[in-house]
Amino acid sequence: MGRLQRILIPFLGLVLAFCFYSARENFQPEMLKGKRVIVTGASTGIGEQMAYHLARMGAHVLVTARTEAKLQKVVERCRELGAGSARLVSGSMEDMAFAKRVVKAAEAELGGLDMLILNHVGKSYFSYFDGDVEHVQKLLDINFLSYVTMTVSALPMLKQSGGSIVVVSSMAGKVGFPFTVPYSATKFALDGFFSSLRQEFSIQNVNVSITLCILSFIDTESAVRAAADVVLMSPAPKEECALEIIKGGALRQREVYYKYALTKIPLLLRDWAAELLDYLVRQHYQVERPPAA
Ligand code: NAP
């Protein structure tokens, strides 16, 4: 008992000190006032909601996606909500020249950049892997390579402002999930790239934060349409999710977990009981009624 206490008390002390240190700063919406922010994939879903939160906080927002008509409505709503300014650039992230052009637009029209929120995601299927290698390649371009391209283009501005990169990922980028093989691969790639880059920033004293966001099932139209019949879980609200992502970026957190209980807690099992975690993941799928191929 004495020995246990000698180990347990310092350990608990360390945990408490860590929690205190981690929670040292509280989020204030004013943190975003006047900040220049790019939000990709902002014509709908979580990206659209992030644009509205940023607008309410008084940020200068530049939104991008392919569908100009939807972006136009998002821009109008952002202006109504009190954005410092709101503008759009439409095009496809399949094209790396377009990815660079979005960053150039921020430079030309906003005069710099404080936060780059990488959120867009290409359309994929929700079904067994069909062996289509070209689709994997295309998805890697949209979901991964364009994120890298935009980061490289934006870095000079972000270094100047001491800014932030926010990367929207998924539980499917930390753990193997069925029916999302190509998507999952692109999200794991983001973790590898951005977590390694964060290490180099730390070694080189680069004052640009990188926040990787690990999301559970969220109630966006596309996700609910694809997965609601198969995933045995209620989707979490996109509005709250969007706010948690912005908070994490503003506080320069290493990672954001939303919903916490459905992401951070299961991940504690990943390295110690991987097979148990795989089993638990499968329990949340109606595999006897898989989606059509
Ligand atoms: P969503 O509603 O499907 O929105 C995707 C956005 O990406 C749209 O604005 C779409 O607009 C844009 N987009 C699609 N293809 C594009 C392309 N080729 N070039 C440029 N933009 C493109 O997605 P969401 O559910 O909000 O997800 C947002 C992020 O959260 C994604 O990174 C996703 O992986 C992550 N996430 C979502 C969930 C979930 O359950 N919803 C769970 C985990 C992680 P256009 O069609 O107009 O281009």
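Trainee: Is R252 buried, partly exposed or exposed?
Mentor: Keep in mind that this is a predicted model. R252 has a relative accessible area of 33%, and because buried means under 20% and exposed over 50%, R252 counts as partly exposed.

Trainee: Where is R252, and what is its phi?
Mentor: R252 sits in the loop between α8, residues 238–250, and β7, and although R252 is not a glycine, its phi is positive, at about 55 degrees.

Trainee: What about F179, where is that and what phi does it have?
Mentor: F179 is in the loop between β5 and α6, and F179 too is not a glycine but has a positive phi, here of about 75 degrees.

Trainee: And is F179 buried or exposed?
Mentor: F179 counts as buried, because its relative accessibility is 3% and the cut-off for buried is under 20%.

Trainee: Which residues does the cis peptide bond join?
Mentor: The cis peptide bond joins Y258 and K259, with an omega of about -15 degrees, and K259 belongs to the loop that runs between β7, residues 255–258, and α9, residues 260–267.

Trainee: Changing topic to the ligand, how many residues surround it, and which are the closest?
Mentor: There are 30 residues around the ligand, and the closest are R66, T67, Y183, T220 and S222. By class, that shell consists of 13 nonpolar, 15 polar and 2 charged residues.

Trainee: What lies at 2.8 Å from an oxygen atom of the ligand?
Mentor: That is a polar side-chain atom of S43. In the side chain of K187, an N or O atom is 2.9 Å from an oxygen atom of the ligand, while for G41 a polar backbone atom is 3.1 Å from a ligand oxygen.

Trainee: How much of the ligand's accessible area does the protein cover?
Mentor: On its own the ligand has 890 Å² of accessible area, and the protein covers 91% of that.

Trainee: Which elements give two or more residues to the shell around the ligand?
Mentor: They are α2 (45–56), α5 (133–161), β5 (164–170), α6 (181–203) and α7 (221–227), and β5 gives the most, with 3 residues.

Trainee: Now the strands: why is β1 largely enclosed by the rest of the structure?
Mentor: Strand β1 covers residues 36–40, and because 4 of its 5 residues are buried, β1 is largely enclosed by the rest of the structure.

Trainee: Which strands does β1 pair with?
Mentor: β1 pairs in the parallel sense with β2, residues 60–65, over 5 bridges, and T40 stands opposite T64 in β2. β1 also runs parallel to β4, residues 115–118, with 3 bridges joining them, and there I38 has L116 as its bridge partner.

Trainee: What unit do β1, α2 and β2 make?
Mentor: Together, β1, α2 and β2 make a right-handed β-α-β unit.

Conventions:
Residues are numbered from 1 along each chain as its sequence is written. This is a predicted model: local features need pLDDT of at least 70, side-chain atom pairs count only at pLDDT 80 or more; totals for chains, interfaces and linings use all residues. Side-chain values use heavy atoms; hydrogens and water are left out. A residue is near a molecule or strand if one of its heavy atoms lies within 4 Å of it. A polar contact is a pair of N or O atoms within 3.5 Å; within protein, one must be able to donate a hydrogen and the other to accept it, and residues adjacent in sequence count only if both atoms are side-chain atoms. Accessible areas come from the Shrake-Rupley method with a 1.4 Å probe; for residues, only the protein chains shown count as cover. Ala, Val, Leu, Ile, Met, Phe, Trp, Tyr, Cys and Pro count as nonpolar, Asp, Glu, Lys and Arg as charged, and the others, Gly among them, as polar. Buried means under 20% relative accessible area, exposed over 50%, partly exposed in between (1.4 Å probe, protein chains only). Two strands pair if DSSP finds at least two bridges between them. A crossover is right-handed if, with the strands pointing away from the viewer, the path from the first strand over the helix to the second runs clockwise.
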